[in-house]
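Dear colleague,

Please find below the structure that I am handing over to you.

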Amino acid sequence: MSLVTGATVGACLAYLGALAFEQRRARRHRAAIAHVVHVNGIRGKSSVSRLIDAGLRAGGRRVLTKTTGTRPIFIDVDGREQPVRRRGQPSIREQLATLQRAARQSAEVLVVECMAVLPEYQQTSEERMLRADVAVITNVRPDHPEEMGHDLDDVAAALALTLPTGGAAFTADAAYADFFAARAAQKGSTCNFAAPCHDDPPDFAENVGLALAVCEFLGVARAVALAAGLRAAQLGQRLAHRRGVGFAPAPRKVGQHALERVPLDDGLAAIGKVGERDVFLARAVQDHVAHVFRQQGAVEKNNNISC
């Protein structure tokens with residue numbers, strides 16, 4: 001065997017050994033966590049993750065949550081917000097570090113937002129990393145057509161790759177509830193439709209309904225989880241009105257662009273640490289409005305909001 005061939009074989013064996021070690025460590029961390037909730041879908045993942053976090057904490061559970069929306073953050077077991085620090089581009093390998101973080105903090109429940117777009121990465125995140133026992137699929141919408149397909153059925157098939165094996169799943173998408181139930185059954189799981197919760201403002205009913213379904217499944221009384229979600233929504237609304245970010249029904253002008261009523265979504269209303277951390281709420285309001293402005297091509301400073 002030549003030196004070059006020997007070096008190549010050695011490198012391959014070292015790489016395979018590293019993968020095997022990583023898998024064993026991931027399984028060990030996963031075994032230390034009673035429940036992993038994998039939140040997927042096209043819209044509302046961050047909001048639903050935060051609402052689940054709020055409800056479970058209200059029920060006395062030790063929870064660690066990771067969201068990867070406009071501002072990727074950890075909500076640690078003690079309720080403190082910590083930014084997700086990255087070196088280089090985002091990678092699904094972050095989910096392995098998230099498992100480790102949750103295990104080290106003795107979390108009972110890990111709530112983690114899916115960060116993968118490519119279908120094969122979504123599948124890898126679930127089956128080789130997180131191995132969740134509870135899945136959430138918020139909805140099916142057109143998004144990332146090059147990666148997930150131009151047809152809604154293709155998008156749904158991609159999202160279904162994060163359904164658990166031998167677990168439970170919930171969706172707020174009535175049109176695809178039967179599809180997800182059939183795919184879940186193939187993996188020995190169930191998937192139930194979570195009805196919207198009309199105790200909440202209509203912008204947020206589907207998200208709250210999903211969070212309540214998950215919290216009830218994990219043993220938190222509906223009334224307890226609902227009270228936590230409603231307090232979070234009300235706090236978000238009050239702060240948003242106080243900061244003047246345009247929750248009024250009438251359209252507003254932002255620069256040269258008209259901005260319709262901003263929906264209560266993506267971290268504005270579902271703040272995990274209910275009744276606390278107004279500074280974070282203010283930043284969440286700013287970030288969401290900045291995101292809306294960017295989508296409209298209007299990234300600029302207005303009404304004391306730094307975009």
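How much space lies in the largest cavity? The answer is about 50 Å³. On a 1 Å grid over the protein atoms alone, a cavity is a set of points where a 1.4 Å probe fits but cannot get out, whereas a pocket is an open set with protein on both sides within 12 Å along at least five of seven lines; lining residues have an atom within 4 Å of a point. Grid points are joined across faces, edges and corners, and a volume is the space filled by probe spheres set on the points.

Please keep in mind that this is a predicted model, in which local features need pLDDT of at least 70 and side-chain atom pairs count only at pLDDT 80 or more, while totals for chains, interfaces and linings use all residues. Residues are numbered from 1 along each chain as its sequence is written, and side-chain values use heavy atoms, with hydrogens and water left out.

The largest cavity

The structure holds two cavities of 30 Å³ or more. Around the largest cavity stand Leu51, Gly55, Val208, Ala211, Leu212, Cys215, Ala225, Leu226 and Gly229. At least two lining residues come from each of α2 (45-58), α8 (205-217) and α9 (222-243), and α8 gives the most, with four residues. Helices (H or I, at least four residues) and strands (E, at least two) are DSSP runs, numbered from the N terminus. By class, this lining has seven nonpolar, two polar and no charged residues. Here Ala, Val, Leu, Ile, Met, Phe, Trp, Tyr, Cys and Pro count as nonpolar, Asp, Glu, Lys and Arg as charged, and the others, Gly among them, as polar.

Why is α3 described as largely enclosed by the rest of the structure? The reason is that eight of its 11 residues are buried; among them are Glu94, Leu96 and Leu99. Buried means under 20% relative accessible area, exposed over 50%, and partly exposed in between (1.4 Å probe, protein chains only).

Ser106 follows α3 and lies in the loop between α3 and β5. Ser106 has a positive phi of about 55 degrees although it is not a glycine, and its relative accessibility of 47% makes it partly exposed.

All five residues of strand β2 (residues 63-67) are buried. On one side are Val63, Thr65 and Thr67, and on the other are Leu64 and Lys66. Two strands pair if DSSP finds at least two bridges between them. Four bridges join β2 to strand β5 (residues 109-113), and the two run parallel; Leu64 has Leu110 as its bridge partner in β5. Three bridges join β2 to strand β3 (residues 73-75), and these run antiparallel, with Lys66 opposite Phe74. β2 and β3 form a hairpin with five residues between them.

Aromatic pairs

The structure holds four aromatic pairs. Rings of Phe, Tyr and Trp (its six-membered ring) pair if their centres lie within 6.5 Å; planes under 30 degrees apart count as stacked, over 60 as edge-to-face and the rest as tilted. One of the pairs is formed by Phe170 and Phe217, which are edge-to-face at 5.7 Å centre to centre, with 65 degrees between the planes. This pair links distant parts of the chain, since Phe170 is in strand β7 (residues 168-171) and Phe217 in helix α8, 47 residues apart. Phe170 is buried at 7% relative accessibility, whereas Phe217 is partly exposed at 44%.

Yours sincerely
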